[in-house]
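Some notes on this model follow, point by point. Please read them with the coordinates open.

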Amino acid sequence: MSFRNPILGIAVSCVVCAGLTGYSLLLRYKAESLNKAVSIVAEADQIGALGAAEGLTFEQALAAMANRGLNGVVISEETLGQLISNGELTLKYLGVYPPRKEVQISGLGSVTTRVERGLRNRFDIKADKMELVLGSFSNPHVDLTVRDISPDLLRTVSVGLNPQYAAAARKLGIDIVCRNANPEGISDRGVRETIRWSSESGARYFLPVGEQLLGRRDSVKAFADALNEFQMIYVSPEFAKIGGDPGMLAAIPGRSIRLHAAQANEVDKLTQAGYVERYVKAASERGVRMLLLRPLTNASAKPLTSFAELTSAVAYQLEREGSSILPAHPSEDSRVPQWLFAAIGLSIAPMALFAFASFISNRSLQIIFGLAVMLIGAGCWVESARNYAALLGALAFPIGGFVLMERMPRNGFVRYFGLAAISLLGGMSVAGLLNGLPYFLRADQFSGVKLAVFLPILVVGWFYFVKLNDSKLALNSPIRWMQAIIGVIFLGVLGFMMTRTGNDNPAGVSSLEMQLRSLLENLLVVRPRTKEFLIGYPALVVGIAMLTRCQVNDEFKQKWGGWTALALMIGAVGITSMVNTLCHLHTPLIIGFVRIGFGLGIGGIIGIALWFALCIVFPELKKEKV
C-alpha cells in the first residue's frame, strides 16, 4: 500500500471491515433478540414481614405480589441457630465427661430430620458421632445427640430452605431462588448435597450470599457440576464483589444470568420514578435478566400493598420497554464462526498500519509493525489474541480517521460524518471480535477501555498541534497564563473522565447531571452520553470549521492554529466516547447504536449553533482572510 495516496486502499479495507464486523454483530443481535424474559423477584422474609403487617399469611402475601407482576421469590437457607431462636429446637450441652463432648438437639421429627440432613451435608459424621432417639405418642419430640462438635459450630449448620416458604411458592407456581452460604469445612460431597436439597425444595436458581459463592475455592468445580446435574441456573449479582463469581460465569456461561438489586441505603434516596427507571434500565440497557426488588418504604398504612403497587409499576414499564415478565433464562450464544474472528482481525491491519505510518516514517519499523499487526489479526483464530486486535481497532480507526479527515472534501458535513463513520469501525471491531456469552455476562471484558479512550485524544492533539503550528517555536516560547490555565483545566477534565470511564468507577454523578439524564431519558428513547453531545461533538464541529479555514488561509492558521488543534483534541473526546459505547459488551447492540446516533445528531446541532455564536463574538472566524 502506498501511504502517499492511501485513500482508495483504506476505503476498501474499511468497507471490508464494516462488512465482516457487521456480520458478527448481526449474529449477536439475533441472539439478543431471542431473550426478552425478565424475572421480578423479592425476598421471602420481606414479603412475610410486610404481609404480617396487613394480617396476611405468607402464602396470601405472596399471592398478592404475584398478582402484581412478581414471578420469583428469594429464599435464604436457615441455620440451626435460627431454629433455636424461633423456638423450634432446643439445644442442651451434656458436658465433657464421660467420655466425650455431647450436645443434645430436641425438636419435632420434621425439624430434627432437617437438622440431621444438614449435619450430614456439612460434616463427615461417623455412625458413633450422632445418635437419633425417636419420641413417643406422649412426647413427639425427637432427640438428636451429636458428639465432638461444639454448640457454637452446630448453630451455624444450614438446615435447608424454609419448607413453608418453599411450599407456598410451589403451590402458586412461583420460581424459587435459593441462597446458600459457603460454610467453613464443607466438602465436595457437601456442596453437591446442598444443591440437591435446594433443588428438591423447588429451587430453580442459585444466588450467592455473603462474600464467597458455595464451594469457593477448591470445591468450585463440584458446585458447577452440581448446578448442571440438578438443572439449576446460576445468578450473578451485578456490581457485587463475590469471591468465585467471575470464574463461575466463565465456567458455565450457558447456565448463568445476571441480577440487579438496589441496596437499602440506595433505595432510601430514590423517588418512585427513579426507582422504576433504575430497574428498567438495568434490564433494557444492560441485559440484566433478574430484578431483585426491595420496598421503597417500610412504613405505610398498607406496606405490602405499597410494595405490590411498586412491583406493578416496574412490571408495566418493563413491558413498555419491550421486555416480557417471564421466568429468566440464559442468553443464547451468538455462535460466531472461528474464521470470521480471524478475518476481522486481518481487516483491521491496513488501518492500523496506516495510522502507525502517519507518525513513524522509518520504513523498517513500518514493515515490522505491519508484520506484527498481520500476525495479531491472523491470531484471532484463537481467543487469546482477540483482545489485542480489538485494542488495535479501537485505537487505529479514530486516529486514522482524524489523519484522513484533512484529505476529505472541504465540506463540514462530509468531514463530520466521514470521521464518525471511520471511527465507528473501531467500536464495531471491538464488539465484533469480543462476541460471545462470557462478554454478554461480563465474565470477560475488553481490557483496553481506558487506553482506547485517552490515547487517541492525546495523539490527535499532538498531530494537529505539530501540523498547524511551528512546534519548535511554540515549545521554546514562554508559557502564557491563558495557555497554562487552559492546560490545567483540560488535564483536570481528562482526569475526571478517567475516573468515570469503565463499568465500575469511583466517581459519583452529581444531582444536576442526574436531573439532565432523567430529562433526556424522558424525551428520547435512549439517552446520549453527556460528554459526547455537550462537549465532544460541538468542539469537533468548531474544530472542523477552523481546520478548513487553516487549510486555505495561512494568516488564519498562524493566529488560530493552536486553538484549532485544541478544538479537535476536545472533539476527539466525543469520538473515543462513541467507540467506547460499543465496548460495553453487555449492553444490547440496538441501544448502543441508537445512543450513538442521538449523540451525533444533537451534538452536531449544538456545534453548529456554537460555531455561529463564536463567529459573532470573533468576526474574523468567518472571513476568508484575517
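1. Start with the loop between H9 and strand E10 (233–237), where Gln 231 lies. Gln 231 has a positive phi of about 55°, although it is not a glycine. Most residues other than glycine have a negative phi. Bear in mind that this is a predicted model.

2. The loop between strand E9 (203–206) and H9 deserves a look too; Arg 217 is found there. The peptide bond from Arg 216 to Arg 217 is cis, and its omega is near 5°. Most peptide bonds are trans.

3. For the whole model, the salt-bridge count comes to 20.

4. Next, the packing of helix H2 (residues 44–53) on helix H3 (residues 58–66). Their axes come within 8 Å and cross at roughly 105°. An angle from 65 to 115 degrees counts as roughly perpendicular, so H2 and H3 are roughly perpendicular to each other. On the H2 side the contact involves Ala 44, Ile 47, Gly 48 and Gly 51. These meet Phe 58, Ala 61, Leu 62 and Met 65 of H3. By class, the H2–H3 contact has six nonpolar residues, two polar ones and no charged ones.

5. H2 also packs on helix H13 (residues 303–320). Here the axes come within 7 Å and cross at roughly 130°. H2 and H13 are therefore oblique to each other. Ile 47, Leu 50, Gly 51 and Ala 53 are the H2 residues in this contact. From H13 come Pro 303, Leu 304 and Phe 307. The classes here are six nonpolar, one polar and no charged residues.

6. Compare the H2 residues in the two contacts. Ile 47 and Gly 51 meet H3 residues, and Ile 47 and Gly 51 also meet H13 residues.

7. Last, helix H14 (residues 338–357). What span do its 20 residues reach? From first C-alpha to last, H14 reaches 30 Å, close to the 28 Å expected at 1.5 Å a residue. H14 still bends, by about 25° at Ala 349. A proline, Pro 350, follows within four residues of that bend.

Terms used:
Residues are numbered from 1 along each chain as its sequence is written. This is a predicted model: local features need pLDDT of at least 70, side-chain atom pairs count only at pLDDT 80 or more; totals for chains, interfaces and linings use all residues. Side-chain values use heavy atoms; hydrogens and water are left out. The expected span of a helix is 1.5 Å times one less than its number of residues. The bend at a residue is the angle between axes fitted to the seven residues ending there and the seven starting there. Axes are lines fitted to C-alpha atoms, for helices over the stretch in contact, and angles run from 0 to 180 degrees between N-to-C directions. Angles under 35 degrees count as roughly parallel, over 145 as roughly antiparallel, 65 to 115 as roughly perpendicular and the rest as oblique. Contact means heavy atoms within 4.5 Å. Ala, Val, Leu, Ile, Met, Phe, Trp, Tyr, Cys and Pro count as nonpolar, Asp, Glu, Lys and Arg as charged, and the others, Gly among them, as polar. A salt bridge is a side-chain nitrogen of Lys or Arg within 4 Å of a carboxyl oxygen of Asp or Glu.
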